[in-house]
Amino acid sequence: MEQRTLGRTNRPVSVVGLGTWQLGADWGEVEDKDAVAVLDAAVEAGVTFFDTADVYGDGRSETTIGRFLAANPDLDILVGTKMGRRVDQVPENYTLSNFRQWIDRSRKNLGVDALDLVQLHCPPTAVYSSDEVFDALDTLVGDGVIRNYGVSVERTDEALAAIARGNTASVQIILNAFRLKPLDEVLPAAKAAGVGIIARVPLASGLLSGKYTKDTAFAENDHRNYNRTGAAFDVGETFSGVDYETGLQAAREFAELVPNGVSTAQAALAWIIAQDGVSTVIPGARNPEQARANAAAADSAGLGEEISAAVADIYDRHFRATVHPKW
């Protein structure tokens, strides 16, 4: 699979990585053996980047990855984890002492002495303007407990503020065919600064898989059931914040762009890969078949370029006037 440098980490990563939120069982129950099978399939398909967080299954995702890496010590996998969502979301909680506690827990979960990449997990907006926060992160790099740091953001202005920081290695942001705003300023700024872009929620929580209908039922413990209005966390994380019915119509139109031999999900991923400045895209996978199919999207990057104009048209007609202003 094609490898791209992940910003200031100076490490190569596969253009299709693996998001592991679902391995924490926050998308419905996942057996441990099934989670390991997903990791196995992804690696066999060429994936070299795993994205996780300390709150995914309250550490279950990290622990699963840690056991997998311990069982496969020769693999060269870059693991990016996230921190900050274990406490009330006020800037005062983003302190060096808290960072040390969270990092020590993640190091234990992943079974490593130093974390490859730690990302602030969608912190309050005021955090991005805090010199003390970024000084603390620099201290942790100096201490050798983390190698690189980045941010996961909800807003484009947050992304731009993080990119302006001299040691930010990467920015993780929602980017998909239903969320185009990052293309305007964030991707060009990141490329100019040498900051990596990790595209998350690439299938709009599955809408862009083309498999859902108005009658699709999601498990009670699946965020696509309980967080459609942002009751549990930022609504942008669920279906990219778009109205479900509108999203279904847009997904049907997107599916019409896809040629034979390529799945709708693969086309959606290929479109992201084709965007200038993207380092890697991190779809999740519930089973090995999904992991292999996602990885295969790397072979269809040319299709992503071909459908760009049509994607922009779908976005303009369905979402540009209605998307939440902060995105």
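Reader: Is L207 buried or exposed?

Author: L207 is buried, with a relative accessible area of 2%; buried means under 20%, exposed over 50% and partly exposed in between, with a 1.4 Å probe and protein chains only. The model is a predicted one, in which local features need pLDDT of at least 70, side-chain atom pairs count only at pLDDT 80 or more, and totals for chains, interfaces and linings use all residues. Residues are numbered from 1 along each chain as its sequence is written, and side-chain values use heavy atoms, with hydrogens and water left out.

Reader: In which loop is L207 found?

Author: L207 is found in the loop between β9 and α7, the latter covering residues 223-226. The names follow DSSP runs numbered from the N terminus, with helices (H or I) of at least four residues and strands (E) of at least two.

Reader: And what is L207 in contact with, leaving aside its neighbours within four places in sequence?

Author: With those neighbours left aside, the contacts of L207 are F178, Y212, F239, V242, Y244, G247, L248 and A251; contact requires heavy atoms within 4.5 Å. Y244 is 37 residues from L207 in sequence, and the C-alpha atoms of these two residues are 8.3 Å apart in space.

Reader: What is the phi of S205?

Author: The phi of S205 is near 60°, a positive value in a residue other than glycine. S205 lies in the loop between β9 and α7 and is buried, with a relative accessible area of 4%.

Reader: What about D58, then: where is it found?

Author: D58 is in the loop that runs between β4 and α2 (60-71). Although D58 is not a glycine, its phi is positive, at about 55°.

Reader: Let us turn to the sheet. What is the order of its strands?

Author: The order is β3-β4-β5-β6-β7-β8-β9-β10, in an open sheet of eight strands with parallel pairing. Two strands count as paired if DSSP finds at least two bridges between them.

Reader: Which strands stand at the edges?

Author: The edge strands are β3 (18-19) and β10 (280-281). Each has a single partner strand, so one side of each is left without a neighbour in the sheet.

Reader: How many bridges join β9 to β10?

Author: Two bridges join β10 to β9 (residues 196-200), and these strands run parallel. I198 is the residue that stands opposite T280 in β10.

Reader: Which helix packs on the sheet there?

Author: Helix α4 (residues 131-143) packs on the sheet and touches β5, β6 (117-121), β7 (149-152) and β8 (168-174).

Reader: Back to β9: how many of its residues are buried?

Author: Five of the five residues of β9 are buried, and the strand is mostly covered. G196, I198 and R200 point one way from β9, while I197 and A199 point the other way. In a regular strand, side chains alternate between the two faces of the sheet.

Reader: How many bridges are there between β8 and β9?

Author: β8 and β9 pair in the parallel sense over five bridges. I173 stands opposite A199 in β9.

Reader: And β5, which way do its residues point?

Author: From β5, L78, G80 and K82 point one way, and V79, T81 and M83 point the other way. Six of the six residues of β5 are buried.

Reader: How many bridges does β5 make with β4?

Author: β4 (residues 49-51) is joined to β5 over three bridges, again in the parallel sense. Here D51 stands opposite G80 in β5.

Reader: Which residues cover the two faces of β7?

Author: Y149 and V151 are on one side of β7 and G150 and S152 on the other, and all are buried. β7 pairs with β6 in the parallel sense over four bridges, and H121 stands opposite S152 in β7.

Reader: Last topic, the start of the chain. Where is M1 found?

Author: M1 is found in the segment before β1 (3-5). M1 is partly exposed, with a relative accessible area of 33%.

Reader: What does M1 contact beyond its neighbours within four places in sequence?

Author: With those neighbours left aside, M1 is in contact with S14, V15, V16, A45, G46, V47, A295 and A298. Between M1 and N93, which are 92 residues apart along the chain, the C-alpha separation is 40 Å.

Methods: Axes fitted to C-alpha atoms, helices over the stretch in contact; angles between N-to-C directions.
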